Each structure stands twice: as structure tokens, then as C-alpha cells.
Amino acid sequence: MLRSVKWIDRIIKGRHGIYRVYTMFFLILCLLCYGLHIMFGRSFIWSADGWNQHYKALIYYSRYIREIILTFITEFRIVIPQWDLYIGEGSDIIQTLHYYAIGDPFNILCFLVPTAYMHIYFDFAIILRIYVAGLIFIKLIRYEGITDEYGIQVGAINYCFCQYIICMMSYHPYFLNPMVFLPLLVFAVEKVLYERRYSWMIVSVALAGVSNIYFFYIYVIMIIIFVIVRLLTFKFASLKAALGFLFGIVWSSVFGVMLGAVIIFPVVFSFMNDSRLGSGNSIHLFYPIEYYLSLPKVLFMDSNKLYELYVGVSAIGAVILVYKFVTGIRGIKKDKLRYFKNNPIACLAFISFIFIIFPFFGQMMNGMTYRCNRWSFALELLISFIVAKEWNNIMDIEKKDGLLVGVILSVYLIFIFFIEQSRDIYVIEETALSLCTLVFLVCIKDKTEIKQRVCFLLLIASVVVLSHHRFSISLTGGTENRAGINFRLHSNEAFAVKAIAEKDGVNEPFRYASNPPTMNAGMLEKVSATNFFFSNANPYHVKYEKNMGVSNDMDFFHIDYNERDILLEMAAVRYFATQDEQLVPDGYFFKETYTDGKYKEWYIYENAFPLSLTYSYPLNGGFLEEEVWNSFTETQRQEAMLKYALIDKPLEVKSEGTKIERLENVEELDYEINSNHDGIIMDNNAFYVMKDDAVLVIHTNCSKGKNLYLNIKNVSNEKINDYDLYHTYSELSTRAGVRSMDWKDCHIEDKWSMIKDKFFYDNSKNGAVMIATSDSGKGNAMAIANPDSSWYSGSRSFAIDFGVQPDYNGDIYLRFPTKGVYSFEDIRVYSVSRSSYRESIENLSKIGLDNLHMETNRISGNIICDDDRLLCFSIPFLEGWSAYIDGQKTKVYNTNILYTGIVVPKGEHSIVLEYNTPFLQLGIIVSIISFSLFILYYYLCVRKREKNAV
């Protein structure tokens, strides 16, 4: 390859020359594709999830490993921190951060890097993942018998610089790991098939499982499909040989899972309890029309209409794919059954096509939640394999086949010109480049070195163009600027709150809330916060917010409980930080202003009556029966928690729950809805909103000085398009005064625009928002997610706190930003007195833990009770908690849905709460035993091969 150049000739000579050439071209392409990033000082850290989740998780992980190593060096013992109060309100470390950092082999060296330079390591690890993916790809295709050097390099480049990688390298770095582990797993299966060697399978499964459980689930499905295809297409000598292959795959895979049990066991347990599983997402037979019209575009680049489906091949890759399609159709016509039986690639391509067409398979790959094509990394592997395998054939393409390929590409070009869902200037450019490449291939008849070189250069040009399209977004602010990363890391309200608390001499643990929040800032500053943004959310946290009617866009994105004072109180919030004084909850007074000097100015407020991290209820008459709790609305439940607790199971000691029908401080108000106003019609418990930004008024009579609450139960939304105003809701839209003419009188262009919006665009994923405000100036937005939404969790009931009312009025204004049918089961309005609020807080605070001490995986303190008490820790409940009273183990209760509680008898006691990640100890034991067995197995295999060789 390129042997006329002597220095390149020296590089490629030798056993590993193919890898050296790949390395050279990989580095050159990295410079060409990502060089502008370096020039403009941008990192690969996406300013959304990348900054808030991935980067902060990596920094935390580096400190985490250093802490374990330092403890071992200084104290000669291994201590694994398993729980941290400062990850949100308190979370399991391994279960939460595994999704982003822990277990990922490409992050293992991060502990060697200081925080100031972590952004360099972050970017380096991304490039390293891509590079290793190419190495594994080359190893796989060479094992499959592909020896052409150009074909190997072209396939590897197509694989390493595909749209999936170009998009995910800044969005979600660990999404690159499947590009490494899937070809590794396929290679391991082939090793079992051809050589009956199982070590590769054992190690590959272990690494893939430890790396990321979410993708491991997808790998399992894919390898099952691949093994079935191999069973059907491989010519086994006998049935016994086929069963032997299948048995070998099964036992080696199980062995691999056991080897990685230290991570796999606890994280699988966590994922099985994830809040998004079983959320009730809709299942559809087909995607919307918009999806299918956008599919042609995905050949060259990504589209946000395709449910995260990525392909994005190069120009020469597109020519090869169309050529393979043409020759494949010819083969199918000759003998359909034999063609597929002898061609596993064709079988896998057909299966991939089915997966693309029907949304059920996207949901299956995503744990039966929402429709999502994140499995498309497998499509990239299949396509790149085809490109490498067919490279030689495309060099000898005949005029007849070339003409047919040209016709197909020309029709494709015409199609994307006229279909706006697929029309894009970069797609047009790449298609034109593909046609030019095809003309060159057909016109140059001899398979010369020049021909291959030119096609190779066209491949590089194509890759560079597509990568620059993607990263032009980053250069305009989509990713973090290197120069400001370290400053911004500490430019947040957590830093300010911590400084103020130290100045105030606050020694006991506390929390802060903020809006807008700097997500996950507290975990690095060692301050507990109500904001939390990690995908593997505590299911009890989600259940709590549903029970309390908290409006949240995503069930793994928690902020400040909608600034509701009692919910913040129960979370032991002492400080509130904001940039908008209208958002300050009742009961907080101004403390000081914090300015970071560059980005933001924060107003810090302090709770006038803060509740400590531990508080207690009287055992008798201090908790609610579950039937009473369920009969209450969200507002009533919130108020009840000030006096009564809810527990998840019967107490071990004799006690009586409280049966109350009403709360003295909560009064339900009559109201009147002005519905026939501003384009809104009310009928049969539904608001028919016929225009955007429509507003209706709910008239109430709330007493001055009381808190006003609105409760809306079981809200759902159905979008209304402009087309519907003339057809489905013709009469209502006329009554609402939003339609001035009949359909037949509309201009043809307006008709076509409305028809497209109704039938061609996918509006099912989009939820809706209702914004509620009052005369006090306070309010909140209610996010209504549809079952097709990626973030749907079944939360549809809301409680809105409008704060203390300044006058005798209490009118509520509901604004609807978008047209739609907003159905509901019930609306209630409450007036809440805060006259006994301070007394209730003091009663809860009266008996709690003294000398509260936080250690690694341990909370301890002393308590003196004048009667039997239910001690509540404002720490999220997890299955791993164990409690001890005076050294004797006692039962732990899930209290008030979210928090942790224990029963403490009358008298003076020492209390200890310990946390152990569920199944971690079992996982460690299994991994150690499995590792020992694997070493023994490997040693015996080596001895056997040496003996056979002799």
C-alpha cells in the first residue's frame, strides 16, 4: 500500500504493519476532522449532559479512586465508599455513577489526572475509545478472511468516523463503548465457532458487562440474534457440533457475567428498580410518516426525526452499499432460500431493515420503554464490514452494475430534493460526491494503485466534510470552551452556599435548593442539594414527587420541589439560591448576594425555621393509615407530613395509626372558571384550547395572608393542529372565535401547510405545558408528558403553590402555550393557613439525633426519647440501609415515601445507620472466585496447546 513512498513502505512492513498504517491515517483524520476544535479552544464536553453529568461524574470518580487508594496506603485497609450524601440528597455511588464512569475501562486512569486537567483526559479518553474501536474492527475483519489492505483501512475509517461516533463523542462519551465491545463480542463468538476457544468470550462478556449495563442488555439481544444466524448459516459437521457451539457460547457467557459480578450484580439490581422501567410508554405498529420520509437522509447524516438512528456512511461507502444491494437482489432472484442460508451478512442486513422499519424493536432494545434506535451502532459495524469486504469488488464494477447504481443514486438525489424531511445541503453534497466516485470507478477500467488511491482520498474528503458539519454546531457554543472550564466548575451556588454555611458556623449536615440550578454541583463541593441529574434515579424519589404533585419535565431531573416550602422543609433545606426573587419560597429571608465575577449573580436566602437532617414523630397517633393517605390530595398530603408520617409496612411494635378526615389548616375553596374566554372552550372536564398562548381565569376567594394551592388531577393532552380547527373541532373553533373562514376558502398553500403539520410531522412525542400564576406573582409550569415521550413517567397530577396571598382575592391564571385538548379528572383549590407552621416544625425538631456524625457508609448519633418515637432521616430510602439501636439490629422503614425511618423506644440510645450496596458483597465474592477459576482455566488451556504443539 502506497509502496512507492519509502518511509510509508517501512511503516507497513512487518506483522503489525496494517495497524501502524491505521494509526497513521487515524491521527491524520483526527487532525483534519477535529483540528478546528483545537484551534478554537473547544473541548468535547457537551454543554448540556456532557457538562452536568459526564464531566462531573468523571471528576468525582477520579477523587473516589484516590480516596480508596489513600485509605489503603495510610490505614492498610480497603474501604469502598458506597453511599454519598452529596450526590443529590444522597445516593448509592456505584449504582448512580456506573452509567457514566464507574466500570468504564477507558476511565480507569482518571485518578492520575488533577481536576484542573481533567478536561484533557476527558477528550483523550474519547479519542482513545474511537481508536480502540478501529483496532478491534480490524482484528475482526482480518479474522473473517478480509486481507486487502485498502479494504481494511477503508472499512476501519468508515467505522471510526461514522455519524454515530461523530455525534456521540460529544453528546454521550460512554455511548462510544459499544463500538468497541460489539465487534469484540462478535470476534469472541467467531473464536468459539471456528476454534472452540472460550477465553475471548469470557473476557469480552465480563468487560462489556462491567462497562455499561444498559448497553450490555443490548449486546445480549444482539449476540443472541448473531448466534442464531450463525446456527442457521454455518455448515456444521453434525447436530452435536452445533449444540456444542451453542453450549460453549452459553457457559462462557455465564462465566463472563460471574467474572464481572462485582459491578454487574449491584447495577442490574439498580436498573431493575429504575423509575423509567414500566412507565407505560405507548407501543405502536409503525412510526409516524415523518420518520419514513426522513430515512433517506440517515444514509449520510443524523436526523432528530429518526429516534436516534445513526448511519452516516462516506461517499464511497454509499456507492458500495448500493452496489451490494444491486448484487444482493440479483442473488435473491436466483435462489432466495440459498442466498440467505449461505450469506449471514444478508440475514443480518434484513434483520436490521426490520428493526429500522418497526418501532417495537427500538422499544425492545431500550428495555420496553420509549422508541429509540440507540442500537444503530450495530448497523455501523455491519455497514463498515460490508464496505471492507466489497472494496475489491467495487474496484472491478462493470458498466451494467455501475449504470444501475448510478440510477439508484440519481433517484435518491431527486427524492431528497423534493422531500423536505430528507433535504439537506450536506446530503446533496455527499450524494454528488458519491456519483462522482461512481463515474470515476466505471471509467477507470484497470484496477490500478492510482484508482485505489483516488477512491481512498475521496473517502477522506467525505469523512472530513461530514465531521465538519457536525462540529460546526460545537464551534458555535455546543461544547465547553477549555479556557473557562475550571473557572465555571466552581462558579455555582453550591460554592457560595458552602462558604456562607462555614461563615455561619453551621456544623451539622444540611441541604440547599436552587432555581435555576447548577446541576450536580453539590457532589463536587461536598454540599447536599435537592438538584439531581443522573439517569439512574432513585425510584422512591420519583414516587414521592408523583404523590406530592411536583411538576417535573423528566423523572431523573430534580430541582427544588417547585419551591414548595413544606417539601423543602422535609428535605432539611437550610439555604435557597436563585437569580429570580419571585422564586423564593415562603419562610426564607435574604442572606447575601454572591457574584462569581464573570458569569452569574446569586441571591442566597436562609430558611427561618430549618428542620434538621433527623426529626421524629410520636409513635402512637403520629402516623397515617395508607387508606387515609391515598384519599388525600397532593396538597393535603404535604400538610399532613408536618404532623403525621406514612410508612411502607406495619410496625413491629404495637401502635395505632391516625384516621383523620380533614386537616384543620386546609380549607377547600369554591371557584368559578371563566372558560369561554380567549379562545378556550370548557366541556366535559376538558379545556379545548383553540389558539396558542390562550389564558383562562379561575376565580377564587382566598383570605389575605393564607397560601393558595391549585390541584389538578390526571391531566392529559391531545394536540390540536390548525387542520383540526377546520375539521375535528370546527364548531368549537367557531364558537371560540379563532376561525374566520371555511376550509374551502383557504389558500391552497395554507391548506397544504396544515395537512403536512397534521399528517406528516410527529407531534406524539411532544407533551404540553400549562402555566399557572396568581395575583401574588408566584406559580409554576405543569409539564404534561405523553406516553410517546422519551421522558414519560406517568406523572399527571399537579399541586401548585402560589404562596401567601397579599389581598382577599386569589384569582388563578392558567396559560396554555400551545393549542390542544387538556382533559382532567378533577380541579380543587385550597386555602392553607400557616399559623401553626412554626409550632409543627419545632415539634418535629424537638427529638432528633444529637452529635450527628457522617462517616463512610455510616451515620451515627445519640438520642433521648421521652416516649416511643418514629425517627425519620431526611435521607432517601434505599434497599441497602441497615439500622442499629444500641448495637441491636432493627427494621428500617420507607417513611413518607422518600425518606428513611426507624422505631426508637423510650430512653437514651445510640443510633447507627449503615449502608451496603445491594449484591455488592456477593458480587465481590463471585468475581474473586471466578477470577481464580479463570486463571486456572487459562493455565490449563495454555498447557494443553503446548502439549498438542509438541
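User: Ile-316, buried or exposed?

Analyst: Ile-316 is buried, with a relative accessible area of 0%. Buried means under 20% relative accessible area, exposed over 50%, and partly exposed in between, with a 1.4 Å probe and protein chains only. This is a predicted model, where local features need pLDDT of at least 70 and side-chain atom pairs count only at pLDDT 80 or more, while totals for chains, interfaces and linings use all residues. Residues are numbered from 1 along each chain as its sequence is written, and side-chain values use heavy atoms, with hydrogens and water left out.

User: Which helix is Ile-316 in, and what is it in contact with?

Analyst: Ile-316 belongs to helix α14, residues 315–334. Helices here are DSSP runs (H or I, at least four residues), strands are runs of E (at least two), and both are numbered from the N terminus. Beyond its neighbours within four places in sequence, Ile-316 is in contact with Trp-391, Thr-437, Leu-441 and Leu-459. Contact means heavy atoms within 4.5 Å.

User: What about Glu-879 and Ser-270?

Analyst: Glu-879 and Ser-270 are 609 residues apart in sequence and 9.8 Å apart in space, C-alpha to C-alpha. Glu-879 is in the loop between β28 (869–876) and β29 (881–885). At 46% relative accessibility, Glu-879 counts as partly exposed. Leaving aside neighbours within four places, Glu-879 has contacts with Phe-269, Tyr-540 and Pro-918.

User: What is the mean pLDDT of the chain?

Analyst: The mean is 88, and 94% of residues reach 70 or more. pLDDT is the predictor's confidence in each residue, from 0 to 100. Over residues 1–5 pLDDT stays under 50, and the model has 19 contacts beyond four places in sequence for that stretch.

User: Switching to cavities. How many of 30 Å³ or more?

Analyst: The count comes to 4 cavities of 30 Å³ or more. A cavity is a set of points, on a 1 Å grid over the protein atoms alone, where a 1.4 Å probe fits but cannot get out; lining residues have an atom within 4 Å of a point. Grid points are joined across faces, edges and corners, and a volume is the space filled by probe spheres set on the points.

User: What volume does the largest cavity have, and what lines it?

Analyst: The largest cavity has a volume of about 90 Å³. Its lining includes His-54, Leu-58, Tyr-100, Asn-107, Phe-122, Arg-129 and Tyr-174. By class, the lining has 8 nonpolar, 2 polar and 1 charged residues. Ala, Val, Leu, Ile, Met, Phe, Trp, Tyr, Cys and Pro count as nonpolar, Asp, Glu, Lys and Arg as charged, and the others, Gly among them, as polar.

User: Which helix gives the most to that lining?

Analyst: α5 does, with 4 residues. α3 (49–75) and α5 (118–143) each supply at least two.

User: What do α3 and α5 span, end to end?

Analyst: The end C-alpha atoms of α3, a helix of 27 residues, are 37 Å apart, which agrees with the 39 Å it should span at 1.5 Å a residue. α5 has 26 residues and reaches 37 Å, close to the 38 Å expected. The expected span is 1.5 Å times one less than the number of residues.

User: What comes just after α3?

Analyst: Phe-76, with a positive phi of about 55 degrees, although Phe-76 is not a glycine. Phe-76 is in the loop between α3 and β2 (83–84). With a relative accessible area of 70%, Phe-76 is exposed.

User: And Asn-520, buried or exposed?

Analyst: Asn-520 counts as buried, at 3% relative accessibility. Asn-520 has a positive phi of about 65 degrees and is not a glycine. Asn-520 is in the loop between β5 and α24. Pro-516 is also found in the loop between β5 (511–515) and α24 (522–525), and the peptide bond from Asn-515 to Pro-516 is cis, with omega near 0 degrees.

Conventions: On a 1 Å grid over the protein atoms alone, a cavity is a set of points where a 1.4 Å probe fits but cannot get out, and a pocket is an open set with protein on both sides within 12 Å along at least five of seven lines; lining residues have an atom within 4 Å of a point.
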